[in-house]
Amino acid sequence: MNVLAAEWLKFRTLRSTLWALAASVGCALVLTVSTGVTSLSRLDAGHSADQAGLRVWAVVFVGVMLSALLIGMLGVITMTGEHASGMISLTYTAIPSRRGVLLAKVVVLAGVALTAFVLIGAIGYLYGRLVAAPFHPSFLPTGAWQRIGAAALMLLMTALVGLALGALLRSGAVAAVVLIAIVFVLPVILMGIPGGSDVGRFLPLVAGMQLLDQSPQEYMPTGAAFAVLAAWATVPIGTVLAITPGPWRHRATGPEALESGR
């Protein structure tokens with residue numbers, strides 16, 4: 001519990017992490033508002049309450065991919081920031097369990113990602129509901145839970161992949177480039193070449209866009225798409241936890257090393 005409290009204290013006292021969280025929520029809501037003006041204005045009396053409700057939820061999460069990118073970057077700097085500043089040595093001196101520290105970062109970051117999801121969902125829905133009010137949209141029509149679950153899992157997944165890359169590579173710039181390549185660039189390249197979809201559909205962007213109904217076609221069953229996102233959310237960070245060395249030991253230097261060698 002002390003480890004978790006320490007990680008939460010570090011997170012909320014760094015302005016860069018708070019700005020990244022604010023940016024991720026803000027960018028998503030800007031896209032929700034700008035898209036909602038166009039999308040929800042196309043509703044008419046011929047649309048049922050469920051159709052209107054589903055349109056509202058589609059608008060709510062239209063910016064979740066951009067938000068996921070920023071949350072992923074937050075995951076990267078959560079780990080690499082301490083390595084860059086040298087604070088990681090102080091952290092391990094106070095808390096020798098490296099896995100314990102990493103697990104605490106996982107919990108804090110997961111909570112932050114889900115907080116972003118709740119803010120985007122709640123504020124975005126209130127806006128969409130207000131604009132679509134003349135058409136009396138249903139609150140949770142069939143298909144809404146798929147979008148809600150996909151948005152939450154997409155944000156959580158990118159945050160944990162970013163953290164895993166940061167812990168593994170320890171360089172913020174390198175980890176950020178790899179994150180963007182895996183989550184956003186490679187899927188676009190692979191889906192655009194013959195036979196590339198056989199591999200590309202197992203990357204998170206394709207599964208996420210399909211579940212959010214932002215994909216031009218369906219590449220896999222809904223359950224398989226959720227499984228792809230869940231695997232990306234757990235396997236990379238689980239692998240890093242598995243290969244993380246045991247308790248950290250302070251290495252004596254200078255006079256301290258001479259003294260210990262006698």
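1. Helices (H or I, at least four residues) and strands (E, at least two) are DSSP runs, numbered from the N terminus. By that scheme Glu 7 sits in helix H1.

2. This is a predicted model, in which local features need pLDDT of at least 70 and side-chain atom pairs count only at pLDDT 80 or more, while totals for chains, interfaces and linings use all residues. Residues are numbered from 1 along each chain as its sequence is written, and side-chain values use heavy atoms, with hydrogens and water left out.

3. Confidence comes next. pLDDT is the predictor's confidence in each residue, from 0 to 100. The protein chain has a mean pLDDT of 85. In that chain, 93% of residues reach 70 or more. Residues 251-262 are another matter: pLDDT stays under 50 there. For that stretch the model has three contacts beyond four places in sequence; contact means heavy atoms within 4.5 Å. Where pLDDT is low, the predicted coordinates should not be read in detail.

4. Back to Glu 7. Is this residue buried or exposed? Glu 7 counts as buried, at 4% relative accessibility. The cut-offs are under 20% relative accessible area for buried, over 50% for exposed, and partly exposed in between (1.4 Å probe, protein chains only). Not counting residues up to four places away in sequence, Glu 7 touches Glu 82, Thr 91, Val 101, Ala 104, Lys 105 and Val 108.

5. Now the whole of H1. The helix covers residues 2-13, twelve in number. From first C-alpha to last, H1 reaches 17 Å, close to the 16 Å expected at 1.5 Å a residue. The expected span is 1.5 Å times one less than the number of residues in the helix. Glu 7, Lys 10 and Phe 11 are buried in H1. Down the helix axis, the buried residues of H1 fall within an arc of 100°, so they line one face. The arc is that of the directions from the helix axis to the C-beta atoms. An α-helix has 3.6 residues a turn, so residues three or four places apart point the same way. On the other side of H1, Asn 2 and Thr 13 are exposed. The buried residues of H1 pack against helix H2 (15-39), H4, helix H5 (87-94) and H6.

6. H3 can be read in the same manner. Its twelve residues should span 16 Å at 1.5 Å a residue, and the end C-alpha atoms are 17 Å apart, which agrees. Ala 52, Gly 53, Val 56, Trp 57, Val 59 and Val 60 are buried in H3. Seen down the axis, the buried residues of H3 fall within an arc of 160°, so they line one face of the helix. They pack against H2, H6 and H7.

7. How many aromatic pairs are there? The count is six. Rings of Phe, Tyr and Trp (its six-membered ring) pair if their centres lie within 6.5 Å; planes under 30 degrees apart count as stacked, over 60 as edge-to-face and the rest as tilted. One of the pairs, Phe 61 with Phe 117, is stacked, at 5.9 Å centre to centre and 10° between the planes. Phe 61 lies in the loop between helix H3 (49-60) and helix H4 (64-85), and Phe 117 in helix H6 (residues 98-131), so the pair ties together parts 56 residues apart in sequence.

8. Tyr 125 and Phe 139 make an edge-to-face pair, because their ring centres are 5.4 Å apart and their planes stand at 80°. Tyr 125 is in helix H6, and Phe 139 is in the loop between H6 and helix H7 (144-169), 14 residues apart. Tyr 125 is buried, at 9% relative accessibility. Ring pairs join Trp 57, Phe 61, Phe 117, Tyr 125 and Phe 139 into a cluster.

9. Phe 61 also figures in the core. A nonpolar core is a set of buried Ala, Val, Leu, Ile, Met, Phe, Trp, Tyr and Cys residues joined through side-chain atoms within 4.5 Å. The largest has 71 residues, of which Phe 61, Ile 71 and Leu 102 touch the most other members. H7 gives this core its largest share, 17 residues. Beyond neighbours within four places in sequence, the contacts of Phe 61 include Ile 120, Arg 147, Leu 212 and Gln 214.

10. Last, a glycine. Gly 208 lies in helix H10 (residues 204-211). At 0% relative accessibility, Gly 208 is buried. Leaving aside neighbours within four places in sequence, Gly 208 is in contact with Met 65, Met 154 and Leu 229.
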